Each structure stands twice: as structure tokens, then as C-alpha cells.
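Dear colleague,

Please find below the structure that I am handing over to you. My notes on its contacts follow directly after it.

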Amino acid sequence: MNAPGFLSTRPVFVVGIGLHRYQRRSDETYVSLGLTAVREALVDAGVDWTDIDAAYTGTALLGMGASRIMLSRLGATGIPMTQVENASASGSSSVAQACLEVASGRSDVVVALGVDKPRGGLGAAPGEAGIANLEAGSIVPFTHFALLASEYMHLHAVTDEQVAKVAVKNHRNGSQNPFAQRQKIRTLDEVLAEPISGSLTRLQCCPVGEGAAAVIIASEDGINRLGVDRSRAMQVVASATKTEGLYAEGVGIDAALTAETGAAAFHEAGLGPSDLDVLEVHDAFAIEELLYAEALGLCKPGEAASRIESGDFDIGGSCAFSPSGGLLAMGHPIGPTGVGQVVEVVRQLRNEAGSRQQPNARVGMAHMVGIGAVCVVHILRKP
Amino acid sequence: MTTEARHPHLLKPTNPPIIVGHRCISCEQIAFPPDPYGCEKCGSPASNFESWDLEARGSVRAVAMVYRHHRPTPPTPFTVAVIDLVGGPVVKAIVEGDDAAVGSSVEGFLVPEDQDDVGNVIVDLRFRVIQ
Ligand SMILES: [Zn+2]
């Protein structure tokens with residue numbers, strides 16, 4: 001179980017952030033992608049690679065042994081390196097492991113990165129579990145979420161246009177993010193074109209490309225020893241991971257799991273949904289932002305669509321949802337995604353997000369779900 | 001020549017067809033699909049399960065028409081639904097026709113999908129709206 005307060009016993013901070021732009025699959029190697037993000041994070045933190053005590057690499061698609069051949073090109077220092085796989089939450093879990101390692105006192109400065117390149121398929125293990133189902137092969141992830149959209153829209157009398165407005169907002173945010181895979185402003189008509197499944201259209205489904213993201217996690221001892229700029233160090237006040245429990249028949253597992261994991265994170269941080277200024281959620285499909293806004297308690301059941309329409313979840317609203325563009329526009333290269341969310345939250349809390357800055361951002365959350373199902377939530381706060 | 005279900009442990013090709021789940025003898029949990037490993041509710045091994053017949057009848061909880069698919073079958077567009085079976089469990093399945101809506105009553109029926117080497121007809125389950 002999550003030991004309450006393990007992050008307050010020995011506080012941990014994100015002191016450096018770096019990204020390689022998310023993009024369509026290219027000839028660039030994962031080594032090059034990953035090194036770009038880590039080098040940028042080291043420069044951002046003002047620390048040297050030789051200051052790093054350990055590394056966690058979140059990746060779901062690269063295969064075994066990805067870390068050393070990449071990171072040793074910064075200097076073969078012999079530090080412990082571990083790959084972390086947790087489906088779409090792989091990067092989030094690499095951040096969680098880095099936080100745990102620093103909070104435990106074993107290390108003072110740890111890098112968590114995510115890197116991936118798309119392959120033919122996801123190669124997900126549940127398909128190999130030997131548990132056949134009636135719909136085998138006909139229901140892929142976008143249809144899973146199209147079905148959740150159908151149920152939600154019927155229950156709350158929400159229209160296709162209202163759900164599509166999530167994507168309009170996130171594409172607009174992504175247009176301001178130089179690291180986003182999709183950087184175009186899209187009209188409601190453009191978002192509603194090109195149906196994929198149910199009410200979901202192409203622009204309401206995230207692109208799965210390649211990229212990398214890195215964060216450097218440090219203790220106060222590490223910050224003091226290395227002379228890191230304290231004003232740019234953002235504290236991680238909650239790190240919660242849960243897997244799907246046994247819910248009542250028909251209950252949407254993604255939202256139920258998000259509600260539980262979010263509640264655990266809020267409890268650990270001593271904060272509540274009204275404290276959030278920025279929120280990066282797993283908006284792989286537009287409907288998810290509505291489901292998770294409600295599951296995380298930012299609004300009442302059925303209210304999320306009207307809150308989107310009122311601009312309340314825009315940059316400048318009460319809580320900026322997916323200011324990076326989210327998975328819908330920034331992209332979902334799998335391993336990097338959860339780390340990239342933390343990068344965006346840190347940038348926002350530092351007041352360094354430029355044209356997509358949420359004013360006076362002091363508390364932010366990063367939320368991922370993944371096949372399994374797993375959910376990982378981090379809350380960060382400006383000290 | 002006989003009629004065989006594509007997934008014989010999930011489906012009995014009777015008229016009307018029967019969906020096969022499991023019931024845990026220890027905790028009485030009824031689940032679909034039948035699991036070869038153990039009980040998610042109480043942790044009993046699958047040796048503690050009995051086979052449990054479920055009527056292929058229920059109501060539509062959610063429905064989506066699929067326009068893009070990564071395989072040639074089923075041909076697009078096709079409709080899938082989340083169905084609350086009258087016997088408890090929830091299944092996802094293909095619904096024939098374009099009249100399914102949330103709340104529709106549906107029933108299962110068999111469609112021939114294939115033929116094996118010796119001429120046996122392989123059938124699979126579809127649902128349709130009942131008025
Ligand atoms: Zn049981």
C-alpha cells in the first residue's frame with residue numbers, strides 16, 4: 001500500500017526537465033531521442049551526468065536492455081539503471097520509482113526518462129493470457145472508448161459536438177507547444193470529420209508516435225550539494241499507483257480506477273480537487289477528459305461537458321486541463337507520455353510555459369491510465 | 001456435418017444459443033468469460049468453478065458503429081455493443097442491423113462464419129434488436 005507521507009519524510013523535487021519533440025515514426029534512433037531529452041534535463045537542472053545516482057527508463061515497446069547503450073553515451077559511470085514497463089503509464093511509473101528511490105534516502109539525484117518508438121502493434125500481454133472473449137478482435141482501444149462515450153452521452157444527454165470541444169481545446173493548447181506532435185488549431189467542424197468509431201473521430205484519438213521526456217528528481221541534500229536553483233525546483237507531494245479492482249458489472253473501469261487513484265493521491269498530498277491549477281490527464285480519446293474530470297472530483301457527474309464549454313478548463317480557467325495539448329495533441333508515444341506530463345506540470349508551476357501559461361499555477365496533477373488496467377497519479381506543488 | 005461454435009467454451013450453438021460463463025462455488029461470483037485460472041473476487045482456483053449457462057438476452061448499455069478496422073473482418077462499418085445480460089454479466093458483442101440504441105432489448109443468434117476441412121459449419125454469436 002501507499003505509505004502515507006513517504007514523500008514528506010524526505011521531500012523530493014523535480015529540478016530538471018527535458019523533452020525530445022513527439023513526432024511520427026522517423027529514422028532517428030531511440031538512443032538519439034532519449035539522449036536529447038536527458039541532456040536538456042541536465043542543462044535545465046544545472047547538474048552534470050556524473051551527479052546522477054541512478055536512472056529509470058520508462059518504455060513499453062523497445063524490448064529489453066534499452067537503458068545502458070543509451071545513457072552510457074553521457075559517460076559510462078556504472079550507476080544502477082532499470083527499465084520500467086507499465087503499459088501507457090510506463091513513464092509515470094519511472095517517475096514514481098525515481099521519487100521512491102530519492103525519498104528512501106538511497107539516492108539524492110535520480111533521472112526518470114521515457115522513450116519509445118512505435119512498432120507494428122502494442123504487443124500487450126493480456127492478449128496472450130489465454131482468456132478468449134466473444135468480441136475478440138472487433139473491439140480495439142478506440143472502440144472501447146467509443147462505447148464509454150455512448151454510455152456517458154446517453155446518461156447525461158451530452159452531444160457529439162460537446163465531446164468534440166475537448167479536442168478543439170487540446171489541439172489549440174498543442175498549437176502553442178513546440179514539443180507537440182500536432183501543432184494545428186482545429187475547428188469544431190474539422191474535429192467532427194473523419195469518423196473512426198462511434199462518435200470518436202480521427203482528431204479525437206491521440207497519435208502514437210515517437211519521442212522522449214526526462215525529469216531529474218532530487219532531495220534537499222542533493223539540491224544543496226549541487227547548488228541547484230531552488231526557485232525552479234517543484235516538490236512532488238503525492239505519488240499514487242493502483243490497479244483495477246473488482247467493480248460492479250458494467251462500471252467503467254478507467255473512471256472508477258481514476259477515482260480511487262486520484263483520491264489516494266489527494267489524501268497523500270493533503271489537497272483536494274479544488275486546489276488544482278493544472279491537470280494533465282490521459283486524454284488518449286476526447287471522452288476521457290470528461291470522464292476523468294468527474295472521477296477526480298473537479299466537477300459533479302454530468303457537468304464536465306458544460307464546464308468545457310464555459311471555458312473553465314481552458315488555460316486561464318479555474319483549472320487548465322491538458323495545457324500541453326494532452327495526449328490528443330502533444331501525442332502519446334507511450335513510454336515518454338507520463339514523464340512528459342510531469343515536464344509540463346513543472347513548466348507551468350515555474351511560470352515558464354509562455355503562451356500556454358496558466359496564471360498563478362501553484363498545484364498540478366499528472367494522471368495516466370494504461371492497459372491492465374493501471375493508473376498512476378502524481379501531484380506537484382510550488383514550494 | 002455438424003455445427004460448431006468458434007469458441008466452444010464460450011458458446012453452445014443451440015437454438016437459442018447459450019453463453020457459457022463460470023460460477024465460483026466458494027463466493028458465488030458469476031463471471032464471463034469463463035476463466036481458466038482463478039476467481040477475481042475470492043482468489044479460489046478455477047478448479048472451484050462450475051460452468052454457468054447464461055441466456056443470450058439482455059439490454060444495450062452502450063453502442064458504437066465502427067468505421068475503421070485493422071482487419072478485413074468484420075467488414076466495416078459494423079456495430080458493437082455493451083450488453084447487460086439478463087443473467088448478470090456484461091458482454092461486448094457485434095450487433096447486426098443499424099437499429100440498436102442504448103436501452104434496446106437484444107437477443108443472440110448464430111451466424112455461419114466458416115467451414116472446416118470436413119464440412120462442419122463454424123458459427124459465431126451475433127445480437128439483434130427484438131421489438
Ligand atoms: Zn470466488
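A salt bridge is counted here when a side-chain nitrogen of Lys or Arg lies within 4 Å of a carboxyl oxygen of Asp or Glu. By that rule A:E352 forms a salt bridge with A:R232, whose closest N and O atoms are 2.7 Å apart. Please bear in mind that this is a predicted model.

Domains of chain A

Chain A is divided into domain 1, covering 12–119 + 208–234, and domain 2, covering 140–203 + 237–381. Their C-alpha centres lie 24 Å apart. In domain 1 of chain A, 43 residues are in contact with 34 residues of domain 2 of chain A. Between them the two domains bury about 3,000 Å², with 67% of it on carbon and sulfur atoms. On the side of domain 1 of chain A, the most area is lost to domain 2 by A:Y22, A:S88 and A:M234, which together account for 25% of what that side buries.

The count between domain 1 and domain 2 of chain A is 2 salt bridges, and there are 11 residue pairs in polar contact, both residues being at pLDDT 80 or more. The elements that each supply at least two residues to the domain 1 side are β1 (12–23), α2 (30–45), α4 (90–103), β4 (109–116) and β7 (210–219) of chain A. The largest share of that side, 10 residues, comes from β1(A). By class, the side of domain 1 of chain A that touches domain 2 of chain A divides into 20 nonpolar, 16 polar and 7 charged residues.

Interface of chain B and chain A

Turning to the two chains, 37 residues of chain B are in contact with 27 residues of chain A. Chain B and chain A bury about 2,700 Å² between them, of which 63% is on carbon and sulfur atoms. B:R61, B:R68 and B:K92 supply 24% of the area that chain B buries against chain A, more than any other three residues.

Across this interface the rule finds 2 salt bridges. A:E194 forms a salt bridge with B:R68, the closest N and O atoms being 3.6 Å apart. There are also 10 residue pairs in polar contact between chain B and chain A, both residues at pLDDT 80 or more. On the chain B side, two or more residues come from each of β6 (57–66), β7 (78–85) and β8 (90–95) of chain B. The largest share, 6 residues, is given by β6(B). The chain B side has 24 nonpolar, 6 polar and 7 charged residues.

With kind regards

Notes
Residues numbered from 1 in each chain as written. Chains lettered and ligands numbered in written order. Predicted model: local features only at pLDDT ≥ 70, side-chain atom pairs only at ≥ 80, totals over all residues. Heavy atoms only, no water. Domains from an automatic or database assignment. Contact = heavy atoms within 4.5 Å. Buried area = accessible area lost by both parts, 1.4 Å probe. Polar contact = N/O pair within 3.5 Å; in protein donor to acceptor, adjacent residues only side chain to side chain. Helix = DSSP H or I, 4+ residues; strand = E, 2+ residues; numbered from the N terminus. Nonpolar A, V, L, I, M, F, W, Y, C, P; charged D, E, K, R; others polar.
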